[in-house]
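Please walk me through this structure step by step.

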Amino acid sequence: MTLELARLAAADNTWGTIIPELMLGCLALALLGLEIVFPKKLHAHIPDFALAGLVGALVGLLINFESASLGLTTFNGLLRHSHAGQVMRGFFLLAAILVCLLARVSLAKQKMPRIEFYHLVLVITAAMMLLAQSNHFVLLFVALETVTIGFYILVSYHRTSAASLEAGLKYLVMGALSSGLLLFGIVLLYGVAGNPALPGHTPDAMHFGALAAFLTANPHQFLASVGIVLVLAGVAFKIGAFPFQIWIPDVYQGAPTPVTAFLAVGSKAAGFAVLLTLANTVFAAYAWLVTPVLTLMAAATIVFGNLAALTQHNVKRLIGLSGVSHAGFLLLGVVAARTIAMAQGAVYFYLFAYLLASFAVFGVMTHLAGADDSDQELDHYAGLAKENPFLATVLAVGLGSLAGIPPLAGFMGKLFVFIAAFQAGARWLLVIAAAGVVISIYYYFGWIKAAFFETWTPPADAASTRPARTPVNAVTGIALGALAFASIVLGFYQGPLGQWLTMK
Amino acid sequence: MSHLPFDLLLLSIAAPLALALAIGLGLPKRWSVRLGYVAFAIPALMALHAWWYFAAAPKDHGYAFLTRYSTGLDGLGISLHLGLNGISLPLFVLAALVGFAAGLYALQSGAERLKIYVMLLLIMQGGLMGVFASVDVFFLYFFHELALIPTFIMVGIWGGRDRTYAAMKLTIYLTLGAMISLLGLIALYAKSGHHTFDLIALRDFLTHDPLRETLQHNIAGLLLVGLGVLVSLWPLHTWAPLGYGAAPSSAAMLHAGVLKKFGLYTLIQVALPLLPVGLAHWSTWLAWLAVIGNVLVVGLITIAQRDLKQMLGYSSVMHMGYAFLGIATMSVLGVGGVVLLMVAHGLSIALLFLLATSVYHRTHTFAMDEMGGLAQKTPVLAAFFVAGTLASIGLPGFANFWGELTIFIALWKFSPLITALAVAGVIISAIYGLRSAARIFFGPATEQFAKVAAQNPPADLRWSEKLPALVLLAALFFVGFWPKSITTALNAELAPAKAPAAASTSTPQP
């Protein structure tokens, strides 16, 4: 019987659908193997394999974007392949490529083993890609834990730096707490949905479809609503939404800059991919609960993120807290996505614009950081426009896009989300969001001001306290230029992306 | 379409932006400056062509030269829809001319980091041409913001006194205004029920099926506050004098002369036809704020200014009061007067900001107490400045006269009391205008100025200053003597547009 079941399950396993993830997993193992096999002087080239593999996976994904498996569920219902899933896969691959590029610049300043870093990035990327396509709580939890455990190590990667270790520990404690909440929520849902006394009970309550059917049959079950709130809380940790954002400033500051970038973009996007699926399909019957919870969360997140970012001098903390406010703007889109068809596309567009802008800014930060990666102050940006106009321009475009200034991609993202929110009737939330945008101008502009406007500094003092700036190498330069350029072009012309966005 | 083989509107937007991009990608300085003349001249030539050809051009809903380009957002009802009607045509020409003058001046100014300065100015110019050529409300807003961003950077880098503070204040105030008006526009978009930003389509829909009354009140209120900040409606005006005081001359010319008119333009093009009931609801408030705040209070503050640029900044805030008054009347005459005044004020304030910088180069100060007797040494500069001042007071013969006159006539029907107060404002502007001219150019030289003049004897206007000033002054005279050049198309646009709007005022849908 069990064997028969296993065979049936195995027949459903279509390995071809997860080739990109498999590729990354194998590549990750191969990197470790290469480190043993390769002579020491060739070790510097191992990261190139990781990059090449990621680029290859991305190209393959784009070629097979309209793959035949779209709309199917595979692996006995563990995975569900959709357009949105394909987009998120590409998103995570792109993020991983950029993280690897930044890591090459950043790790060169440290005395550290390098290869494991890329290994972990590949594993995390593969897990995120699975997470975005998960259709089952077991896979969701396993993938999420793989991501989180990978990040525990990456955050404390600078093991000689106290700040990095502290950040790792904080992330571990907070991450464990959030995993616990999530798991508790899942278990509650599983338990309630398996209760034979209730209508529509199901033996396979981990499965999103079965759970959604059960929840529709019991739209006001108390235990189920507790479970839902706990699951939402667990996800809120990942996206850094209020009141689960407390770990963000310290962890962002302590982690190596490329890891901060990966946390800020990849981890957040993964959280939103999960949230969009959960909030608007699985928990759709509990909209009476989910919508107010997310609305409140969005409002508080926008207000807190922006106000807290106002007083920061350390740019890593600043961008961390500004990232909190971006989570709030994205939540606006998630709230709207239940009723407004274009809102989901708006969230993806926003995420994509956020990726372009964030990596542009993190790229500049990587070049300005010294040996102590956590020490990156606003003052270090003084005179950047004169000394390195290229980096200054990239920084200005990135920050402008994050601030949502037209004609940059970030503005279009905000506009789409705002339109969706207005149509969904979230007027007051929109007013708060608009106020948040105005506040955010202050600190983003302050950063640009630090880099562009000349202020008087004691001549001897300026050079001695700030770390030396790393010259930009060709590949990273091209990548950063492309990010800035894409932010500008996407602001003017959305083309196929815009059509895809408004299609649904 | 015109009979030209290309789209003249798109070209006049794209030419400056393309050069700005090329400079950003590393065009050498020599070429940047040479091509800069071309990039500033193209919009001016195109605009003059459009103005010349407008009457004969085939029109659809009053718009000539209509073209549409897809940017991929057709599904949301957003597309780059370009065209000119009787209201936007004069402002399009204004933007092109002031931009041309500001560009000429900047290219020969030899400012520090000239390349970036020219690049930012080109972005501004491209954005401005886009503002007045857009038929799509979204792109109207979009191009305005595009033109606005360079202002912040220009004030911050090339600004004068207090530039960092001024840049910050400017940014926050104007972002606030822009966000509030964006909310209003989104509300209009969503509530029209047709999910389109296209102005022609919106007008079609909303004249037949106007929005509910309370909705109109709310949206018009949002737009008035948001755009009010952008146009420096009292008491939301405090960014303006500070910003203009610190801004470098070309940026001040373009911002005070043209960009600031965006708010008024949006009110006339969008709010007036689409939200007539809403605007009427606020018009009394608007009129009192404008006359007490902008005209009288700010007018008196202007008299007290000792810094030339600050004074010009305040005077431009004051003149915006007249424009708001004209809009508050909501009559063909009043609104037509506002468009005339916008053109006239744009030309005259740009001229005065340009000349103020010329004065500074000769006196090394903006403080009017430390000047005097400059006319003996620089008679041409004095003549230009006095002409600009007289224009801004509204002397007959200059374009400003017609604008103010028509607004006052329309205002009389609205409220004689407000008219009386507004006319008192003319006396105020005569006081500060003539007093500043007298202090700078006539009378004995002050001790400080004599010292400066002894070190570097002031030379009269150079051609690099004369040429842009001449362009602006000639346009002022031209409109002053032949206002029909603007009003024919303007009347044709306003008169029919008002008729259905007036009808719907009486019978709003419940």
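**A strand inside chain B**

Start with strand β3 of chain B. In β3(B), 5 of the 5 residues are buried, so the strand is largely enclosed by the rest of the structure. A residue is called buried if 20 or more other C-beta atoms lie within 10 Å of its own, exposed if 12 or fewer do, and partly exposed in between, with C-beta atoms placed from the backbone. Helices (H or I, at least four residues) and strands (E, at least two) are DSSP runs, numbered from the N terminus.

This is a predicted model: local features need pLDDT of at least 70, side-chain atom pairs count only at pLDDT 80 or more, and totals for chains, interfaces and linings use all residues. Residues are numbered from 1 along each chain as its sequence is written, while chains are lettered from A and ligands numbered from 1 in the order in which they are written.

B:Leu80, B:Leu82 and B:Leu84 point one way. B:His81 and B:Gly83 point the other way, and all of these residues are buried.

**The sheet around it**

Which strands join β3(B) in a sheet? The order is β1-β2-β3 in chain B, an open sheet of 3 strands with antiparallel pairing. Two strands pair if DSSP finds at least two bridges between them. Strands of a sheet pair through backbone hydrogen bonds, either parallel or antiparallel. β1 (59-60) and β3 (80-84) of chain B stand at the edges. Each has a single partner strand, so one side of each is left without a neighbour in the sheet.

Take the pairing of β2(B) with β3(B). Strand β2 covers residues 63-69 of chain B, and its antiparallel pairing with β3(B) runs over 4 bridges. B:Thr67 stands opposite B:Leu82. B:Arg68 stands opposite B:His81. B:Tyr69 has B:Leu80 as its bridge partner.

On to β1(B). This strand pairs with β2(B) over 2 bridges, also in the antiparallel sense. B:Lys59 has B:Ala64 in β2(B) as its bridge partner. β1(B) and β2(B) form a hairpin with 2 residues between them. In the turn, B:His61 has a positive phi of about 55°.

Helix α1 (residues 8-24) of chain B lies across β2 and β3 of chain B, and runs at about 65° to β2(B). Axes are lines fitted to C-alpha atoms, for helices over the stretch in contact, and angles run from 0 to 180 degrees between N-to-C directions. Two residues are in contact if their C-beta atoms, placed from the backbone, lie within 7 Å.

**A helix and a loop in chain B**

Next, find helix α18 of chain B, residues 416-441. It has 26 residues and reaches 38 Å from its first C-alpha to its last. Buried residues of α18(B) include B:Ile418, B:Ala422, B:Gly425, B:Ser429 and B:Tyr432. An α-helix has 3.6 residues a turn, so residues three or four places apart point the same way. The cover over the buried residues of α18(B) includes α12 (276-303), α13 (308-329) and α14 (332-363) of chain B. Just after α18(B), B:Gly443 takes a positive phi of about 75°.

Then move to B:Pro210. This residue lies in the loop between α7 (199-208) and α8 (213-230) of chain B. Is B:Pro210 buried or exposed? B:Pro210 is buried, with 24 other C-beta atoms within 10 Å.

Chain B has 21 helices and 3 strands. Of its 510 residues, 62% count as buried. The globule rule is 2.2 Å times the number of residues to the power 0.38.

Chain A has 21 helices and 2 strands. Its radius of gyration is 22 Å, close to the 23 Å that the globule rule gives for 504 residues, so chain A is as compact as a globular protein of that length. In chain A, 57% of the 504 residues count as buried.

**Where the chains meet**

The contact takes 27 residues from chain A and 24 residues from chain B. On the side of chain A, α18(A) gives the largest share, 9 residues.

Key
The expected span of a helix is 1.5 Å times one less than its number of residues.
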